[in-house]
Amino acid sequence: MAKLLFNQPSPLETRIVSKNFGLESSETLDVYLANGGFKAFKKAKEMTPEAIIEEVKASSLRGRGGAGFPTGLKWSFVPRTSPKPRVLVINADESEPGTCKDRLLIEYDPHQLIEGILIAGLAVDAHVGYIYIRGEYRYLIEKMDRALEEAYAKGYLGSNVAGTGFKFDLYTHSGAGAYECGEETALLDSLEGKRGIPRMKPPFPAVAGAWGMPTLLNNVETFSAVPSIIRDGGAAFAALGTPKNGGTRLVCISGHVNKPGVYELPLGYPMMKAINEVAGGIPGGKKLKAVVPGGSSCPILKADECDIAMDYDTLAKVGSMLGSGGMVVLDETTDMVRFALRIMRFYQHESCGWCIPCREGTTWLRKILQRFYEGQGRREDISLLGELSKNMLGRTFCALGDAAAMPTISIVEKFTEDFEKYLAKQNKSELVTI
Amino acid sequence: MAEQVKLTIDGREVHAEKGALLIEVARQNGIEVPAFCYHQDYTLQAACRMCLVEIEKTPKLQVGCTTPVAEGMVVRTDSDLVKKARKGTLEFLLTNHPLDCPVCDKGGECELQDMVFRYGAGESRFVERKVHTDEKQWSPVVFFDAPRCILCYRCVRVCNEGMNVGALGVGNRGVIAEIIPNKHDHLECDECGACIDICPVGALTSGAYRYQTRPWEMEHVGTICTHCGDGCKTTLGVRNDEIMRGNNRDQTGINGEFLCVKGRYAFDFTKHPERLQSPMMKTAKGFEPISWARALTMVGERFSLAKLSHKKFGVIGSNHTTNEENFFLAKFARQGLETKHIDHHRSGDLATFFDALSGKTNALATADDVDKAKGVLVVGADLAQQHPFLAFQARANFRHHHAQVFTVTTGPVREDNYAAASVRVQKGGEVAGAESLRDKLKAAGDLVILFGDAVQGDALRKLIAFGDSLGIPVKYICLVDYANSRGAFDMGLIPRDGGMSREQMLAATDLDVLWVVGANPLKNAKLASHPFMVVQDLFMTETAQQADIVLPAASAYEKNGTVTNTAGQVQKLTRAISVMGTKTDLEIFGQIAKEMGLNLGIWLPDKVFAEIRKSVHGYDISPATLAVSPAPTMPLNGRVAALPGAIQSAGDTLFTSGSLSKYSHTLNSVMEAPGKLYGGER
Amino acid sequence: MTFSPELEKRFTALLTRYPEGRTRSAVIPMLMYAQDETGAITGEVIEEVARRCKVTPLQVDEVVGYYSMLHRKPMGKFHVQVCTNISCLLVGGEELYNHASKTLGIGHKQVTADGQFSLEEVECMGACSWAPAVEINYDFHHHVTPEKLDELIRGLRKSQ
Ligand SMILES: Cc1cc2nc3c(=O)[nH]c(=O)nc-3n(C[C@H](O)[C@H](O)[C@H](O)COP(=O)(O)O)c2cc1C
Ligand code: SF4
Ligand code: FES
């Protein structure tokens, strides 16, 4: 295993879920316990399930997987008293381009994740959990398995968690290469040993999820934030962020910045400050062209739209999303045709193929973009790209179709001049050859 | 009755059951919502996105196929937005579709073609290269052309859910996702062709039919399949007196959308080169063709002579000729030839069955009951192999109504896959096996019991006594093998009043005349005497080879009349073709009667049926009724006397059917392809 | 077919991990681990996994076609996966892939004649902030330059 070269922390961070990152042997249970680990679980054990859920609601924690659904509310949907046993599923599929944070949470602080899961287990009366980890993260599966082994060995998992009499079993489950398996219901099919095809909703997983059992599914970071919420109180977590956008989150900054990396920032953090100060600005003194605010699925922002606070509601107001926290910074030299093409190649490759608009739409869009990129573009292609994307939008079976359409629409509309440039170049070369 | 709700579709107020699917409610009210993947009998997919509709107060368009209706819903299926969405989806769909309609088998009956015609997207903005893969042959009868496939998953569902075979799946993902067969590059399955039928486009085509003709060049004749006792309706596509295909497009039969490999493909025995097309007479040099006139005269003369000198006649009738023919033959034998030695190959103990039921009403189940009863008990029969349609019904009942299905058999059967309980017994232990399920059966609430030849005589009486003792409504089906086994019994082709059974006739040393119609008793048996022998059949069977005169008969697909299925449902046959040189058995009987100067009445099917209505109990069915739907019979006619002779199932399988399957090229080819599906237990 | 004792142990553990009667859930992890040992998902592997998980071979076949990490043909001993998705693209991922292709003399999903290396252009693999990234078998390498990649490949060549 090659040594990982992760980025240096920034002094501008507010480190809550990442507070143990960088500690020597932070992945061990002993270090975790020495730094306040499992206090939250013990506290939660003394609380009623309703009180735990109330605390999570009070924290205004919203799902860190992409959709930003209020976590406490989601927990309250799980029928605790259903005759069927409840299952926890931890989404560690982390495949949204631009996103690389869950990886660190598992690598550096797996016991925080375990504690978060256990608290959720108390809240919904579940006694088993599966951590679905993408297949490419094999080394992480091994690390997680080691952490689980340690937790079992020391009595923090199994029939008598931390001596409280609470029973909980936790396992890892390997994916095998499929972005779509990050979508919660496709993930459940994959967990059941099937092709990762999304399911019809309703029934929602909370009611009938894995193997038809009530299932609570959250992202790794969402679960990882829970121990601090219970330990220090929901209100304290909420206060870090903006109204309805509680706490901090791991922002993965990549692309054209001097110090790309994963940084923990409070919600509502100014985007420009994140780019210029946290991530050290754009190399070579180049100008900002655009920002992908939260993973490749989010509508892209032009430089002049980036002077905003990074929280779910503000991003929604400018027509984009905070998504999965994958922030990709593009400088003025970026060729948006090439960028759009690469995005669409991704979605075409990852479309599960179940529904017509996504399967055929991504293929068609990719072909047009490819042709354009290769110098065979036609003027009408520019509007066609937008129209076809809109024909997909809101009409596909799951959100992957939207995820492919949204960035395309925004790129074509906001960076038409990049497409025009291709046409102009073509025209010139035509003149030369004739 | 379920709770009713009121909603508005396209400005019209409609009422529906709460929770019903919007697409169904719209259709029931005459509002067409287009769909590819939606199929009322199979699980919902919501994959094609054709059925998008606008629902007030919901921001996005919704799929009608999975949306349950609710009180006060306001739906638009005809707004510009909806029309644009449909057009958009079709445009997407056509991007990778080859548009080879002119050479496609499905041209003219393709749902995609129709949809484009109706909703637009005829011209495409797609100028890129299409994804192409070559056509594949998965079995002698199933071809798959991936580019034409629109991935509606109907074939996968019909195979999994409808047939319980699970031979089709989906491979790859995204735009290269495609339907795959269970053996990687070929199919090992029932070869029922349900996938081909249910395919809305020309992606799955039939090896027997492809590139032969265009749908509009054919005449489509609905008739009844001649291969087993279940009585499925099959629609034969006919061109120039040749049957080109069989399918169930016309889903008005008792079998709805179902057909098995035999119903779909095994019509090709009709054009087998060995088909007899001229009467033959045995001479010292072997068989020689003779004219019909001469043959009929000879038979008439020999019969008359024998009758005058009080010779001993034996008549063996058929279990796949029509009721009219059987009725006429029985009358011919009893009145015309004055013999009581009449029989046919019996494959179920109908005599004991009717006798044991005498006095009970409502004890005969129809095929429909197998799909409706809360419990289904199969005793001593391999339903999936020998009664494919009834097996389908039981499965459909399980899928749609959560019926409890039970099996009591000597070996594993396919029904075990979903059965609530399966009991394995030694041969002869069938009834005891059923009795061991007493509590479970009782709990089902009501029951249909299907039993095969393993249950006959006293065992059968015990089974019915057991049914009575359950204290719940119980109905029965006595499983018989051939297209008209039941009809042969009902029409009196049985050794009543001291007549000899089939076996006794063969063993008798003093038989003077043996008349065999549509049967092959000498396949594995010897004749003890040397009678003058007349055989009517399609082929030179083992029996025909020993005949003095062989008369070439028409098959079921070449005649009009009625047949009665194993559940006692009477259905109409409609002539699809005629084969030169042959005559229907009824006409042959009539001509012989004429030669003999007998007056047995007019030998036209309609006229004979009118007579049957008057004299056969349970068959008083008006032609009007018969024209539109199958009519169940009620042959509970008091006590029925016991009959001599053996009762034995033919042991046919999905791929065999009496003597006919030997002459079906298609059946023989698929037999080789799939190998043994069931581990060879039976 | 027989697997190594370690793999057998893993399979046994996998089959008990899921709720009663849900052995199908083990299909995907089993295929992944089996592939590591056998080099590819052959028909034999499919039959074997189907038997152990109590599903039909077709149900396993469907899964194999779906997941991009499952291969029906053996990849090289060292499977070099270069990400060219957006974050990597912006900092030279595509150039890196082209370079790898030239160095190894093979294209996407091809294997060198000696069976030592194979190459794959992959989608985002969660290394965006440390791009461009390469994964060789299951080992991640970050901030990879063409020179660094050459060095890696040289090292692996020597290691045999
Ligand atoms: C196409 C698609 C891919 C997704 N990929 C991921 C993923 O890799 N990881 C993740 O946590 N959520 C992913 N999601 C979001 C999940 O569906 C789900 O909303 C989330 O895991 C719920 O957890 P949360 O509430 O904690 O965010 C994806 C959604 C879609 C539509
Ligand atoms: S939008 Fe459709 S094809 Fe695309 S991933 Fe979702 S279900 Fe599959
Ligand atoms: S019929 Fe509704 S999506 Fe296909």
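Predicted model: local features only at pLDDT ≥ 70, side-chain atom pairs only at ≥ 80, totals over all residues.
View 1. Residues are numbered from 1 along each chain as its sequence is written, chains are lettered from A, and side-chain values use heavy atoms, with hydrogens and water left out.

**View 2. Where domain 2 of chain A meets domain 3 of chain A.** On each side, 13 residues are in contact (heavy atoms within 4.5 Å). Together the two domains bury about 1,100 Å², with 66% of it on carbon and sulfur atoms; buried area is the accessible area (1.4 Å probe) lost on putting two parts together, summed over both. In domain 2, A:Lys289, A:Ser296 and A:Ile300 lose the most area to domain 3, together 45% of what that side buries.

**View 3. Salt bridges across the interface of domains 2 and 3.** Look here for two salt bridges (a side-chain nitrogen of Lys or Arg within 4 Å of a carboxyl oxygen of Asp or Glu). A:Lys289 forms a salt bridge with A:Asp418, their closest N and O atoms being 2.8 Å apart.

**View 4. Strands on the domain 2 side.** Strand 9 (288–292) and strand 10 (301–302) of chain A each give two or more residues to the side that touches domain 3 (strands are DSSP runs of E, at least two residues, numbered from the N terminus). Strand 9 supplies the largest share, three residues.

Key
Helix = DSSP H or I, 4+ residues; strand = E, 2+ residues; numbered from the N terminus.
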